[in-house]
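Student: I would like to learn how to read salt bridges in a model. Please take me through some cases.

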Amino acid sequence: MTDYSRSGARAHRTSARVRRRRRLFAFVASLVLIAGIVVAVAVVVANLGRANNTAAPGPTQPPPAPSQSATPTPTPTPMTAGQQLLATTSDPNACAVSFSGDGIADAPQLQTQGVLYTGLPIPAKDGAVFAGWYATPEDAAAYAVPARVNGSELVACTDRQITLHGSWKSPEDNAAEDAQIPIMMYHQFTTRPEGEDGWLRGNYAYIGDFDAHMNHIATGGFYLPTWDELAAFIDGRLFLPNHSVIITDDDADQTWFDLAVPVIDKYQLLSTSFMITAYRQDPAPSAYVLRRSHTHDMHQAGANGNGRMVNWTADEIAADLEASAAVLGVKEVVAYPFGHYNDTTKQGVAEAGFEMGRTIEQGYVHIGTDKLALPVVRVNYGMSVDDIIGLIG
């Protein structure tokens, strides 16, 4: 072999080795690139996992359990019946009145502070007569008349709530009291000490005398029953002390508004104004004045000179009283015009839904009195305090 041939063989072998080294380098470089990509992907995945671990627990990952040292939520104290009642009104003057006493289960009532009590319950118990509501259990046990609570006084509460305490008397005790309740009947009033002239002179009470009469009642420890209490007393369901009185005025004359009502306010005495609603429909002139019916338009004579109350049919009487009640917003009791009444009158009064009728017959209300023929104690001009003491005690 020539030197040229040997030299070509060596060059061929050298070239082959170079190609092999290049292919090896390219293979190794490829492996390094793949390894770098794998590492980069692994880093990205790891970072994503850490980010997910710091996010809020997902639906499949429950939240961490609360610490064992957390303070438990206290159970709210249940509301009383009175509080539940107050929750039903936004009236800032509302007062929840609760009732307590032996055998008493009456539900609380909403009353309005600054207004007379209305519709207080009169509980019933076998073999007992209800003896009224009182400010404290001690007063109830003592039957303390000054502390007896009824619709003759304004509602006054503490923190919008008050509890009244009931007591009982035996039927024998009730009968032994033998209470005789006077219904005082006034008409017109005058500022003239010598009185008014004319045939109605006796109807006019001098306002100075009226003030003295009311002062005697206000300072004399009298109990002033409401009309629903009087009805329950007549039925033998409610005990009234003998030292009780009801104050009324007939006709709602302007002198009643101008002269007498300021005296009523002065002494804070429950009174009733019997109003002829066809003639006037004034609102109550005082918190202490109840408006009751003197009929709508029956305060005038019928064909025979007697009042319409004894001339009309029962249906006509009932219709008139319904009209009166629509104005006054209450039925309860009617004062008969001129004191005239008969059986037809009673039928019409009952048909209209009135429980009581007041006459002008002199006398006192007692257990068993005819509710549709209540007697009165008439007050005439010139009666002094001594005269009133002789009539009402």
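Student: Which residue forms a salt bridge with Arg292?

Tutor: A salt bridge is a side-chain nitrogen of Lys or Arg within 4 Å of a carboxyl oxygen of Asp or Glu. Here Arg292 pairs with Glu332, and their closest N and O atoms are 2.8 Å apart. This is a predicted model, where local features need pLDDT of at least 70, side-chain atom pairs count only at pLDDT 80 or more, and totals for chains, interfaces and linings use all residues. Residues are numbered from 1 along each chain as its sequence is written, and side-chain values use heavy atoms, with hydrogens and water left out.

Student: Where do Arg292 and Glu332 lie?

Tutor: Helices (H or I, at least four residues) and strands (E, at least two) are DSSP runs, numbered from the N terminus. Arg292 is in strand β11 (residues 289-293), while Glu332 is in the loop between α8 (314-328) and β12 (333-335). The pair links distant parts of the chain, 40 residues apart.

Student: Is Lys371 buried or exposed?

Tutor: Buried means under 20% relative accessible area, exposed over 50%, and partly exposed in between (1.4 Å probe, protein chains only). Lys371 is buried at 15%. Glu355, its salt-bridge partner at 2.8 Å between the closest N and O atoms, is partly exposed at 38%. Salt bridges with shared partners join Asp235, Arg237, Glu355 and Lys371 into one network.

Student: How many salt bridges are found in the whole structure?

Tutor: The search finds 13. Among them is the pair Asp297 and Arg308, at 3.6 Å from N to O.
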